[in-house]
Amino acid sequence: MVRITRGLKRCRERMKMSQCELAMLLGLTQTTVSNYERGLREPSIEILLRIAQVLDTSVDELLSD
């Protein structure tokens, strides 16, 4: 299981991006992004790579606490 709760939120906020904005760029719903951040849902590897690209960060950073 891939936990990206804190790393995702930190990187998203660093980019001054809302959950809704990130979701739109990824072709997901805001609820899905929220669920990733709350640890209720885990992204696929493909989505994880897309999140890193959109947030201009590394997968390692997304996975860090």
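Visitor: At what angle do helix 1 and helix 3 pack?
Guide: Helix 1 covers residues 5-14 and helix 3 covers residues 30-37, helices being DSSP runs (H or I, at least four residues) numbered from the N terminus. Axes are lines fitted to C-alpha atoms over the stretch in contact, and angles run from 0 to 180 degrees between N-to-C directions. The two axes lie 7 Å apart, at an angle of about 125 degrees.

Visitor: Which class of orientation does helix 1 have to helix 3?
Guide: Angles under 35 degrees count as roughly parallel, over 145 as roughly antiparallel, 65 to 115 as roughly perpendicular and the rest as oblique. Helix 1 is therefore classed, relative to helix 3, as oblique.

Visitor: Which residues of helix 3 make the contact with helix 1?
Guide: The model is predicted: local features need pLDDT of at least 70, side-chain atom pairs pLDDT 80 or more, while totals for chains, interfaces and linings use all residues. Residues are numbered from 1 along each chain as its sequence is written, and side-chain values use heavy atoms, without hydrogens and water. Contact means heavy atoms within 4.5 Å. Thr5, Leu8, Lys9 and Arg12 of helix 1 meet, on helix 3, Val33, Tyr36 and Glu37.

Visitor: How many helices are there in the protein?
Guide: From the N terminus on, the elements run α-α-α-α-α. The protein has 0 strands, and its helices number 5.

Visitor: What is the radius of gyration of the protein?
Guide: Taken over C-alpha atoms, the globule rule is 2.2 Å times the number of residues to the power 0.38. For 65 residues a compact globule would be near 11 Å, which agrees with the protein's value of 10 Å.

Definitions and conventions
Helices (H or I, at least four residues) and strands (E, at least two) are DSSP runs, numbered from the N terminus.
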